[in-house]
Amino acid sequence: MAFWLARQRNGQQTDYIQRFDPRFWTVDFPRPMMAAVWSIAPDALRVELEFHHRNALAGLIWASEDTLDHPLLAYATDRDYSRTTLRFRWRSAGILPLDAVHGPTLTIEGRDAAGQPRSWFVRLWNYAVGTPTDAQIELPFSALAGGWNIATSSDQVHPAAIDRMFISLVPPLYDPASAALLPARANGWVELTQIACDGDRPQLTIGDVMVPPHGVRMATAYDDSYNQTPARLLRNIRGLGYREEILHYIGMSHYYRLKPGTGGSVQVETPAEFCTPARAWHSAFFNLAQSQGYSVIASMSYEILAQHCPNGWMQRAHDGSPALTGWEPPSTLLAFTSGPVQTYLRNIALKLAEMQVAAQLPVAIQLGEPWWWVTKDYAPCIYDADARTKFSGAAPDIVDLRQPLTEAQRAVLAAGGARLGTSTRGIRDAIRTAHGPNAQVYLLAFTPQILDPAAPDLPLLNIANTWKHPNFNRLQLEDYDWLTGGAEALRRAGYATMNQLLEYPLANQDYMAGFVLKPEDADAFWPLIDAGLDEAKARGIPRLFVWALPQVCRDGYTRLPDTPPEDYDTMQAFDDVLYPLALGRDAGVSPEFSTSVVLTASGHERRSSQWSNARLRFDVGPGIRSESELGTLIRFFRARHGAARGFRLTDPFDFSSRDMTATPTMLDQQIGVGDGLTASFQLIKRYGDGAEPQIRPITRPRAGTVLVSVNGTATTAWSLQPGGKILFQIAPPQGAIIRAGFLFDVPVRFAEDRLDITGAAFAAGEAPSVPLVEVREEI
């Protein structure tokens, strides 16, 4: 399917928004405090805050440059606030009030009149009318001054070059010099209502595209989007053509409530609870999604931020080291054989389901990547205290899953897999007990981790027998490491293995593609991701998801629909049938190139070849020798709707990989060199000698004639795919030379929609002209 990495708008539809539109404010803060913002009306927003430390500070942010929305939907950058006035009503509780030292301050970051970077600190109380917790505030940017007392201040804001501004929000016992815990958790809130902007430049141009629905669904993650309003996320999702379900991962670091731990630390509170900002944000997100016709699959995982995890909750390797991921700071995998951990996971799932029900959404919970962690050195983390007691102390420790294991050690892995199944089944049963048999529970599996070929016994540990269909409603698979790494054989083998082990029909499977961690990888990875979606669709997977919205917006990924217009003939563009008449030696064959030739003033030529391959033209009329053959031609022409549909033609002068017409062998054409990952190779034929021969892709080989060799040895461990691709069951090893021999046909169409034949001319022996032209097929 077509896609586009849109870096900027180029003539697409635009609209206008009021500057300071509530949907486009953000929040940010240092963990472990938590805050969330959402729009509560067209001119109003609300912020919820949860503080744990005396120096905790959150910022409610307006940015002059939109770096969060998709480029086709972003608002225009405008750093000039001269003669612009912002007005709103302020209401707050649980934070320092407007009149306090360190009370809400508008920090403006920009440049002064000389162009030097600097900041101004504008005390909001100086521009307020009302009480410290309920006031009307008016901010005329051309007359703003920083400092405690504007009557004596000379710190005038330069309004023409502002990059961003934020309002600081702090707890009542705020002390910027102290990192100590507050006596108790502090919750606060702020509302800005009646937001209005007037004066000069009160509006901003904003992208207003509406990509037609294309059948792919969107995935989001709270850890990546906690700072944005739900309305902003949903505006991007809808504008980019994503419909039906949204897969929303609650993350591993922002959703849960924290309590004081030891040594001034904080850790996950039990019983499990969403922190107030996260609960409020998710309620707003679920309600708004429901009102726009979306259902939301709420995804949870067996993973939390390591610094917030109780010591006894971590999975551990044989040497006691905790299961830590590669994120910074690292997350850890939860030791789900522990009773408290299992209770925590079950309660989080139930709370998600409760929020779905409150928003009148169907209950749909995804268990995201439930597994036993394996370290980079292939040590399984199955040795926490509970696991040792319950199963992993039954055999010698497993230090490296790449090494051969004893039967006792393999039995330990199988016991770990059974415990994994018990855990996931317990969450499933709790959800169905609470919300009935129609509640949906899905499993997400990351095949490069659980089917790592370097550790062949891993499936015993991380694929539970109790996951088999129909124990869960859907099986969702992702394989982004293999997808972006070109490991096609491993990907396909992974699908086959999961189908064999878990037996989910394709109708009950979903596929997730995506994950471009670094923006510099966008140009390389998104074509692979888009092709992966198409490949999954071709395999018959009905529901496809892109991971994830922040990366889609950052890189401008735009999936385009493949549905033809209503008046378009939806018949197949190519009929895989052979031209029914023999051409003979009288047929005309004309290879053509397209070359631009420019004659310079000095008489020299400058030549530029527009095509890398010749395009063939044929005239098959001279091959028609009887009225019976003429009738066959007319019937064939009408069945192809003239030039509308392509077909196969055997070129009488060039139809073999060996020379032009000789019998093919397995050594005729080198079609690739193995890299240990790539499994698919395009059939090609080379013309000419030297370093740069003309290379012709062969898209219509004759299936029964194809012969393949790897390093000179014949092999049959491959299949012929559409478009003339050879797909190996196992990727050829690094450096292996892949060769092939074959017979082939040319994809062609009638060159015209009219066939001119007269009976008198034909009877007089005059051959009709029947021009054909080669069809360039995508590979």
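On a 1 Å grid over the protein atoms alone, a pocket is an open set of points with protein on both sides within 12 Å along at least five of seven lines, and its lining residues have an atom within 4 Å of a point. Grid points are joined across faces, edges and corners, and a volume is the space filled by probe spheres set on the points. The structure is a predicted model, in which local features need pLDDT of at least 70 and side-chain atom pairs count only at pLDDT 80 or more, while totals for chains, interfaces and linings use all residues. Residues are numbered from 1 along each chain as its sequence is written, and side-chain values use heavy atoms, with hydrogens and water left out.

The protein chain has 779 residues, of which 51% count as buried; buried means under 20% relative accessible area, exposed over 50%, and partly exposed in between, with a 1.4 Å probe and protein chains only. Along its principal axes the C-alpha trace spans about 105 × 75 × 55 Å. The secondary structure comprises 14 helices and 44 strands. These are DSSP runs numbered from the N terminus, with helices being H or I of at least four residues and strands being E of at least two.

The second largest pocket has a volume of about 1200 Å³. Its lining is made up of 39 residues, and those nearest its centre are Met252, Glu303, Trp327, Tyr480 and Phe515. Several elements each supply at least two residues of this lining, among them helix 1 (222-225), strand 19 (295-301), strand 20 (303-305) and helix 9 (480-485). The largest share, three residues, comes from helix 12. By residue class, the lining of the second largest pocket holds 20 nonpolar, 11 polar and eight charged residues. Here Ala, Val, Leu, Ile, Met, Phe, Trp, Tyr, Cys and Pro count as nonpolar, Asp, Glu, Lys and Arg as charged, and the others, Gly among them, as polar.

Strand pairing was examined next. Two strands pair if DSSP finds at least two bridges between them. Strand 10 (residues 128-131) and strand 11 (residues 134-140) are antiparallel and share four bridges. A hairpin of two residues connects strand 10 to strand 11, and glycine 130 has alanine 135 in strand 11 as its bridge partner.

An open sheet is formed by six strands in the order 28-33-43-44-32-29, with mixed pairing. Strand 28 (574-578) and strand 29 (588-592) are at the edges and have a single partner strand each, so one side of each lacks a neighbour in the sheet. From one strand to the next, the twist averages 30 degrees; axes are lines fitted to C-alpha atoms, and angles run from 0 to 180 degrees between N-to-C directions. Strand 28 pairs in the parallel sense with strand 33 (residues 646-649) over two bridges, where phenylalanine 574 is partnered by glycine 646. Strand 44 (residues 771-774) runs antiparallel to strand 32 (residues 615-619), joined by three bridges, and proline 771 of strand 44 is the bridge partner of aspartate 619.

A search of the whole structure for disulfides, defined as pairs of cysteine sulfur atoms within 2.5 Å, found zero. Cysteine 275 is in no disulfide, and the nearest cysteine sulfur, that of cysteine 309, lies 17 Å away. Cysteine 275 counts as buried because its relative accessibility is 1%. Cysteine 197, at 9% relative accessibility, is likewise classed as buried.

Definitions and conventions: 1 Å grid on protein atoms, 1.4 Å probe; cavity = no way out; pocket = protein on both sides within 12 Å on 5 of 7 lines; lining within 4 Å.
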